[in-house]
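Let's take a walk through this structure together, one neighbourhood at a time. Please have a look at the chain below before reading on.

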Amino acid sequence: RFVGVLVSISGMLIFALLMSAVSASFENALDAVRQGKLRVIEGDHIVILGAAPVIFTLIEELCLAAESRGGCRIVILSPLPKPDTEACIQERKIDFRSSRVMIRSGDARRHEDLEFIATPYARAVIVLANTELSREDGDSRTINVLLALRAKGWPSKGKLIVQCNLVRNYRVFKRLCPAASEVIVANDIVGKLMVQSSRQRGLARIITELFGFAGDELYVKQFSSLTGMPFSEAIFALPGVIPIGIVDEHG
């Protein structure tokens with residue numbers, strides 16, 4: 001009897017130890033998910049480097065643009081902790097529609113953090129300027145990010161879109177970026193649009209309708225069935241579509 005009782009007690013102790021180990025492992029796994037410590041295993045996704053205030057509008061527009069094709073995968077590398085970034089996005093109550101947004105915390109100037117979010121396999125990489133710094137310091141930080149991407153040739157097949165603060169740094173940014181890239185001086189563009197909109201009433205609404213993804217959308221697409229067809233006939237050859245122009249080989 002004594003041996004049987006001893007064996008039973010030992011079995012219960014071993015079972016308790018196993019349950020404790022399993023529970024601890026499970027809690028560690030949940031904490032890794034909450035803190036964004038799991039490596040991103042994706043491809044053909046969109047990477048956003050930075051966490052500027054414009055990121056909320058950017059996420060919303062990307063989700064709108066991808067809704068018609070079943071959504072997209074967006075990965076954000078934020079300098080802030082993941083819970084803080086998630087809380088900011090949740091406060092804005094952004095409708096992701098059918099898209100999926102993943103957040104990781106890290107430094108976009110480090111190759112390890114860039115590889116952690118599968119930057120080499122991204123369809124597009126968007127580099128946002130740091131608005132907490134001065135415009136000059138923000139561009140300096142962005143240049144460091146571009147140097148890190150250039151050293152590895154990332155993204156390998158994707159497109160690079162970079163936000164530049166100062167017009168005088170535009171050429172430097174262009175030299176650091178690959179051919180398939182866009183450098184946008186957002187402040188300069190916004191200033192010009194504000195001046196033009198103040199001179200012409202209703203222009204701001206027209207620009208929003210043309211470049212936003214809400215409502216009707218504007219696409220450039222090739223239709224082999226329309227080859228050689230006059231534009232007057234092509235208007236009626238595409239049901240549910242309103243042709244507004246032709247893009248030739250000269251653009």
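Is Asn169 buried or exposed? In this predicted model, Asn169 has a relative accessibility of 11%, so it counts as buried. You will find Asn169 in the loop that joins strand E5 (159-164) to helix H6 (170-176). Setting aside neighbours within four places in sequence, Asn169 is in contact with Glu136, Asp139 and Cys164.

Two of those partners deserve a visit. Asp139 sits in helix H5 (residues 135-152). Asp139 is buried, yet it has no salt bridge. The nearest side chain of opposite charge belongs to Arg135, and it is 6.9 Å away, whereas a salt bridge would need a distance within 4 Å. Again leaving out neighbours within four places in sequence, the contacts of Asp139 are Cys164, Asn165, Leu166, Asn169 and Phe173.

Cys164 is buried too, at 0% relative accessibility. With a cut-off of 2.5 Å between sulfur atoms, the model has 0 disulfides. Cys88 is likewise in no disulfide, and its nearest cysteine sulfur, that of Cys63, is 17 Å away. Cys88 is partly exposed, with a relative accessible area of 34%.

Next, turn to helix H3 (residues 82-92), where Lys82, Thr85 and Ile89 are buried. Viewed down the axis of H3, the buried residues fall within an arc of 70°, so they line one face of the helix. Why might such a spacing put residues on one side? An α-helix has 3.6 residues a turn, so residues three or four places apart point the same way. On the face of H3 turned away from the buried side are the exposed residues Gln90 and Glu91. After H3 comes Lys93, whose phi is positive, near 55°.

Finally, let's look at the strands. In strand E4 (residues 124-127), Ala124 and Ile126 point one way while Val125 and Val127 point the other, and all are buried. E4 pairs with strand E1 (residues 46-49) in the parallel sense over 4 bridges, and Ile126 in E4 is the bridge partner of Ile48. E4 also pairs with E5 in the parallel sense, over 4 bridges; there, Ala124 stands opposite Lys159 in E5.

Key
Residues numbered from 1 in each chain as written. Predicted model: local features only at pLDDT ≥ 70, side-chain atom pairs only at ≥ 80, totals over all residues. Heavy atoms only, no water. Helix = DSSP H or I, 4+ residues; strand = E, 2+ residues; numbered from the N terminus. Buried < 20%, exposed > 50% of the residue type's maximum accessible area, 1.4 Å probe, protein only. Lys, Arg positive; Asp, Glu negative; His and termini not counted. Contact = heavy atoms within 4.5 Å. Arc of directions from axis to C-beta. Pairing = 2+ DSSP bridges.
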